[in-house]
Amino acid sequence: SSAMAAVLGRALRPPLRARLRPGPRAPLRSAASAEPLYDVVVSGGGMVGSAMAAALGHDIHFHDKKIALLEAGPRKEYGHMPDSYSNRVSSISPGSATLLSSFGAWDHVCSLRLKPFRRMQVWDACSEAMIIFEKDDLDDMGYIVENDVIMSALTKQLDAVADRVEVFYRSRAVGYTWPLPSHSCDTSPWVQIELADGRRLQTKLLIGADGHNSVVRKEAEIKNIEHQYDQSAVVATLHLSEATDNNVAWQRFLPTGPIALLPLSDTASSLVWSTSHEHASELLAMDEESFVDSINSAFWSNINHSDFIDAAGAMFRSAVSLLKPSGTAVRQLPPSVAKVDPESRAMFPLGMGHATEYVQHRVALIGDAAHRVHPLAGQGVNLGFGDIACLAHHLSAAAFNGSDLGSLKHLLKFETERQRHNVSLIAATDVLKRLYSTRLAPLVLLRTWGLQATNALPPVKVRISLDWGL
Amino acid sequence: QLSLFRLTVKRPFSTSHSSVDAKEMKKFQLLAHKWWDEEGEFSALHSMNDIRVPFIRDTLLSMSSNYHRGSPLSGVKILDVGCGGGLLSEPLGRLGASVTGIDPLEDNIRTAERHKSFDPVLAKRIQYKSNSLEEIVEESMETFDVIVASEVVEHVPDLETFIKCCSQVLKPEGSLFITTINKTQLSYVLGIVVAEKIMGIVPEGTHEWEKFVPPEELEHILESSGFSVKTVNGMLYNPLSGSWSWVESTSLNYAVHAVKSGARGQSGPTGTSSETDVQQRSGTAGTAG
């Protein structure tokens, strides 16, 4: 009866044993062994991994802890920003800016360069439908920052806590050994990491920030739902025909994919054009003039309009303006492009992915290792920064409670919070991507009316803004 | 009047004046290697750390003026009586304290030693000894800043002896933290029948209702041993979520914080309690029914 009681009692709570991955056995060790033991090891030194290590390194409750950051590439010196802009930029939400300033990195970004924007105009190539995001107060809606600028700021802040955070450059992890469930006392309870050069580390918590092809995720045997889109993104640095305030982010949904112009300065903008692989290759191959023409045409041409859709759209718009006079937005005109920076054109394939679990005993995934989205929502790195804010919060509380940092108890809280936030956003982004990939009239009408309605309804717009961290 | 009467009715099983009961030891012997299974027999004790560690930490922080960044209990010498497998010793050690964990059961100490051995920081900060409290009194007079006796006093045969020993090894103005179970009808139904026999939250036979300690009795013994009781707080376990929370009522589980009087040496009835009442969530069980 006591056994039955035990079963009944434990059946009421979700079994955690499934998360205690068996995996290859940890070697038999009787006491603290020679390999250095870290409290946290972050695998992956990109924007998200570096920010995670910096956030923990600057946390007061981690003052006496040992953190390691593993980065496969070499240390980059960001001493002097080149005059030309880098073609890899990110749209940073105010929430992400808050995280970066919590450990002093945002000040560095501001002292380097960034472009705040006040407004986003999103519209359809197949109709006149448009939605404008704008903040009522005079606050910035977001910031366009080059990835190199962010990395420079993060590297500075990592250097500032070098006594706590050890960065291993040119270090790739080639093997992970997972511990058995902690009640078995004979083997090492820590995660063992083997580096390519043969060095070994041990850690109480391994954070996987190693991108959408995460090795940590694969080795932990966490299932990943993934899908390669038939699209690649073309990026480039563009120069505008004339100087302007340039504080609007523009995105137009073409049938082949969305094209976005993100402001970098009064005279320059960054291009992110998601389109088919073939078209992307063509864009890269064509001469600069034709490239510029394609961009301008993509933003200005009405070739995809059909009379039917235009009429239906206009009708809907009048209906909306009867019911809600302020509900139709004033259309601004996007800037036209004059030149493209030579050598700045590049392309990379797009896909979506979502890990079914973000955590396991002594393991947590953040950033693209946990979730990968289409750039159309400008969310990618913001989701990663959101993961960091949440995980750092839980780890800080755990450290202040003297808890074992690798314990599933607080890791699961992180997972629940973030999955709740991320799943709907990732799904919505995926739906939007598919919805806007067609010329079919019914779907165009649906999204036209949907976009116009959303534009007219403040509560829905506010909700979207909040979810996207705008 | 009533409480005095209750005190004269001695616990039926104890004829000795020691702080350790052989029968109790046997019960824990069988479970000695299961301490560190967070989801196993001791899961409720693991999750109790979520409230008892902050309770101890915040109480001590509010009484001291030094704060070492990242190590809130740095410099504090703690005695963990009845440490078992070290479930409470380890978090206290991680917060910077020097912890001595004692438990009369050798197997428990062995489990605790083994578990801490993998972490070099903890291995240095925590010392385990297979001893009863009485056995270490002579060599540890007024040695410790803090004593924690969590889920222990409901297992000792003679509570007065136990408290007296605590007083002897504690420095003047040192803190004593106790968590235990009240002796009420509710604690019989929920604490024994449901927790042990029906839901298996606690291994069957762990507790004997006769030995549960009402807070009034505990307070009385503490006050007459030279302690000033600062805080008494009810605790409640939610078996569905597996978590503990603080509650008004002390009818089931409760926690006590008491401070040894500043006068050196002997214990005697204390005068008025100190004005430095530190807790936001304070309440004394003596006033409630």
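This is a predicted model: local features need pLDDT of at least 70, side-chain atom pairs count only at pLDDT 80 or more; totals for chains, interfaces and linings use all residues.
Chain A comes first. It contains 13 helices and 20 strands. Of its 470 residues, 56% are buried. The accessible surface of chain A is about 19700 Å², and carbon and sulfur atoms supply 56% of that area. Contacts can also be sorted by distance along the sequence. Among the contacts in chain A between residues at least 6 apart in sequence, 78% join residues at least 24 apart.

Helix H2 of chain A, residues 47–57, shows what burial looks like in one element: 11 of its 11 residues are buried. To count as buried, a residue must have under 20% relative accessible area.

Next, consider a sheet in chain A. Strands of a sheet pair through backbone hydrogen bonds, and the pairing can be parallel or antiparallel. Here 3 strands of chain A make an open sheet in the order E3-E7-E4, with antiparallel pairing. The edges are strand E3 (89–92) and strand E4 (115–117) of chain A, each of which pairs on one side only. On average, neighbouring strands of this sheet are turned by 25° against each other, direction ignored.

Which residue of E7(A) is the bridge partner of A:Lys115? The partner is A:Ile144. In total, 3 bridges join E4(A) to strand E7 of chain A, residues 142–146, and these two strands run antiparallel. A helix also belongs to this picture. Helix H5 of chain A, residues 147–160, lies across E3 and E7 of chain A and runs at about 85° to E7(A).

Now turn to chain B. This chain has 10 helices and 8 strands. It has 289 residues, of which 55% count as buried. About 12400 Å² of chain B is accessible surface, with 55% belonging to carbon and sulfur atoms. For contacts in chain B with a separation of 6 or more, residues 24 or more positions apart account for 74%.

In chain B, 8 strands form an open sheet with mixed pairing, in the order E3-E2-E1-E4-E5-E8-E6-E7. Strand E3 (126–129) and strand E7 (243–247) of chain B each have a single partner strand, so each has one side without a neighbour in the sheet. From one strand to the next, the twist averages 20°.

Inside this order, strand E4 (residues 144–150) and strand E5 (residues 170–181) of chain B pair in the parallel sense over 6 bridges. B:Ala149 stands opposite B:Ile178 in E5(B). Helix H8 of chain B, residues 159–169, packs on the sheet and touches strand E1 (77–81), E4, E5, E6 and E8 of chain B. The direction of H8 makes about 145° with that of E5(B). Another helix, H3 of chain B (residues 43–63), lies across E4, E5, strand E6 (227–238), E7 and strand E8 (253–260) of chain B, at about 45° to E7(B).

The last stop is on the surface of chain B. B:Leu186, B:Tyr188, B:Val189 and B:Leu190 form a nonpolar patch there, and together they have about 330 Å² of accessible area. B:Leu190 lies in helix H9 of chain B, residues 185–198. Is B:Leu190 buried or partly exposed? B:Leu190 counts as partly exposed because its relative accessibility is 35%, and that class lies between the limits of under 20% for buried and over 50% for exposed.

Technical notes: Residues are numbered from 1 along each chain as its sequence is written. Chains are lettered from A and ligands numbered from 1 in the order in which they are written. Side-chain values use heavy atoms; hydrogens and water are left out. Two strands pair if DSSP finds at least two bridges between them. Helices (H or I, at least four residues) and strands (E, at least two) are DSSP runs, numbered from the N terminus. Axes are lines fitted to C-alpha atoms, for helices over the stretch in contact, and angles run from 0 to 180 degrees between N-to-C directions. Contact means heavy atoms within 4.5 Å. Patches are made of residues with over 30% relative accessible area and no salt bridge: like charges are joined within 9 Å, nonpolar side chains (Val, Leu, Ile, Met, Phe, Trp, Tyr) within 5 Å. Accessible areas come from the Shrake-Rupley method with a 1.4 Å probe; for residues, only the protein chains shown count as cover. A salt bridge is a side-chain nitrogen of Lys or Arg within 4 Å of a carboxyl oxygen of Asp or Glu. Buried means under 20% relative accessible area, exposed over 50%, partly exposed in between (1.4 Å probe, protein chains only).
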